[in-house]
Amino acid sequence: MALSADRRELLRAYCRIDEAAPWEDALLEVLFDAAVSYMTQAGVPEPQAGSERRAQYDLCVNYLVLDGWDRRDLTLAGTSAAENPAFRRLMNQLKLTAI
């Protein structure tokens, strides 16, 4: 799925990126492609536009993009890193209800 201009703006807002340099836009696109691929490989196909599942799918993709954006360093600060339980619940629901 190609990253449209509208979807890019939504991701910028979600990631709190006010103005992106060209390299940041390119990175955002790579992170988006990786997130969509992750969802597909996890057994969650991309829903059709207007589907009732679309909002949940987009939230999961947003989460994955933001996680990739925030964790670009080789190391994590702190003693532990945990996955967001809200993301896991959404992902599981989408997987269990995939047709």
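The side chains of Arg 12 and Asp 25 meet in a salt bridge, with 2.4 Å from N to O. This pair joins distant parts of the chain, since Arg 12 belongs to helix 1 and Asp 25 to helix 2, 13 residues apart. Arg 12 and Asp 25 are both buried. The model described here is a predicted one.

**Salt bridges**

In the whole structure, a search finds seven salt bridges. Another of these pairs joins Asp 58 to Arg 7. Here too distant parts of the chain are linked: Asp 58 lies in helix 3 and Arg 7 in helix 1 (residues 5–14), 51 residues apart. Both Asp 58 and Arg 7 are buried. These two residues also take part in a network of salt bridges that includes Glu 46 and Arg 54. A further salt bridge is formed by Asp 67 and Arg 71. Asp 67 is partly exposed, its relative accessible area being 25%, and Arg 71 is likewise partly exposed, at 36%.

| Salt bridge | Closest N and O atoms |
|---|---|
| Asp 58 and Arg 7 | 3.8 Å |
| Asp 67 and Arg 71 | 2.6 Å |

**The nonpolar core**

The largest nonpolar core contains 23 residues, and those with the most contacts inside it are Leu 28, Phe 32, Met 39, Tyr 57, Val 61 and Val 65. Helix 2, helix 3 and helix 4 each contribute at least two residues to this core. Helix 3 gives the most, with seven residues. Apart from residues up to four places away in sequence, Leu 28 touches several residues, among them Leu 3, Leu 11, Arg 12, Val 65 and Trp 69.

**Helix 4 and its surroundings**

Helix 4 (residues 85–96) has twelve residues and reaches 16 Å from its first C-alpha to its last, close to the 16 Å expected at 1.5 Å a residue. Its buried residues are Phe 87, Leu 90, Met 91 and Leu 94. They lie on the same side of helix 4 because they cover an arc of only 95° around the axis. On the other side of helix 4, Pro 85, Arg 89 and Leu 96 are exposed. The cover over the buried residues of helix 4 includes helix 2 (22–41) and helix 3 (54–70).

Tyr 38, a residue of helix 2, is partly exposed, with a relative accessible area of 37%. Setting aside neighbours within four places in sequence, Tyr 38 is in contact with Leu 64, Phe 87, Arg 88 and Met 91. The C-alpha atoms of Tyr 38 and Leu 64 are separated by 8.8 Å, although the two residues are 26 residues apart along the chain.

Terms used. Residues are numbered from 1 along each chain as its sequence is written. This is a predicted model: local features need pLDDT of at least 70, side-chain atom pairs count only at pLDDT 80 or more; totals for chains, interfaces and linings use all residues. Side-chain values use heavy atoms; hydrogens and water are left out. Helices (H or I, at least four residues) and strands (E, at least two) are DSSP runs, numbered from the N terminus. The expected span of a helix is 1.5 Å times one less than its number of residues. Buried means under 20% relative accessible area, exposed over 50%, partly exposed in between (1.4 Å probe, protein chains only). The arc is that of the directions from the helix axis to the C-beta atoms. Contact means heavy atoms within 4.5 Å. A nonpolar core is a set of buried Ala, Val, Leu, Ile, Met, Phe, Trp, Tyr and Cys residues joined through side-chain atoms within 4.5 Å. A salt bridge is a side-chain nitrogen of Lys or Arg within 4 Å of a carboxyl oxygen of Asp or Glu.
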